[in-house]
Amino acid sequence: MSARLTVLLYYKYVRVDDPAALMREQRELCQSLGLRGRILIGAEGINGTVAGTESATNAYQAALHARPEFHDVVFKISHADTQPFPKLEVKVRREIVTLGAGDALDPTKDTAPHLPPAEWKRMIEQEDVVLFDVRNRYESEVGRFKGAITPPIENFRELPAILPQYQDLKDKKVLMYCTGGIRCEKASALFRQAGFKNVYQLEGGIVSYGEQVGDAHWEGDCFVFDERMTVPVGTT
């Protein structure tokens, strides 16, 4: 029986001066470690998920942390019984997650405050909040926080166009979430630019919430972008 594989999910919004050079470096590193997965690199940062043996993923984390601009990257760790990726893809993109809101939106400066999972859970239980899912429709159908608003979008880039439908939430305390946190960085910046003054985002996304808190206030599973398709919330 083969050993269980480790799956890493991570991102960092930070200035990358030479995305093409970083792409080549990342491809060579992953190939040398036998990792598969998908890594997107742009001038705005890195967005990746890779899988391999425990020793290989440990070496990958150390290598990325050795670069000054990525020294504080947070890795969300899960496991799979078989390789969840068919191949390795490392690509340069204009956006590491596509929202299409223009260069005026800077997720390194305009993003909303992060709530640790325990504080997120406390606010759901003790305060008057609105939960907002910024993922795609099919992801929220697989699983969601109970009572959350789930926009009818097929792609994240559709969010700016439907934002005017939620103007009545401008004076509410909005708690925003996504799978691993990367989409909330941009979505919360978008909301703040539109005049939403009380927006927060779930630190580390659903993945970190499940790891730290479990499945409290959650229903269903969590959609993931690999061959596993879904994973339970609250287990690794």
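1. A nonpolar core is a set of buried Ala, Val, Leu, Ile, Met, Phe, Trp, Tyr and Cys residues joined through side-chain atoms within 4.5 Å. This model is predicted. Its largest nonpolar core has 28 residues. Phe132, Val134, Leu159 and Phe191 have the most contacts inside that core.

2. Where does this core come from? Two or more residues each come from strand S1 (5-13), strand S7 (129-133), helix H5 (159-162), strand S9 (173-177) and helix H6 (182-193). H6 gives the most, with six residues.

3. Take Leu159 next. Leaving aside residues up to four places away in sequence, Leu159 touches Leu99, Phe132, Val134, Ile153, Ala187, Leu190 and Phe191. In soluble globular proteins, nonpolar side chains tend to be buried together.

4. There is also a second, separate core, of 20 residues. Val14, Val16, Leu29 and Tyr60 are among them.

5. Is Gln26 buried or exposed? Gln26 counts as buried because its relative accessibility is 1%, and the cut-off for buried is under 20%. Gln26 lies in helix H1, which covers residues 19-33. Its contacts, not counting residues up to four places away in sequence, are Tyr10, Ile39, Ile41, Ile46, Tyr60, Leu64 and Val90. One of these, Tyr60, also belongs to the second core.

6. Which residues of helix H7 are buried? In this helix (residues 205-212), they are Gly205, Ile206, Ser208, Tyr209 and Gly210. Just after H7 comes Gly214, with a positive phi of about 100 degrees.

Key:
Residues numbered from 1 in each chain as written. Predicted model: local features only at pLDDT ≥ 70, side-chain atom pairs only at ≥ 80, totals over all residues. Heavy atoms only, no water. Buried < 20%, exposed > 50% of the residue type's maximum accessible area, 1.4 Å probe, protein only. Helix = DSSP H or I, 4+ residues; strand = E, 2+ residues; numbered from the N terminus. Contact = heavy atoms within 4.5 Å.
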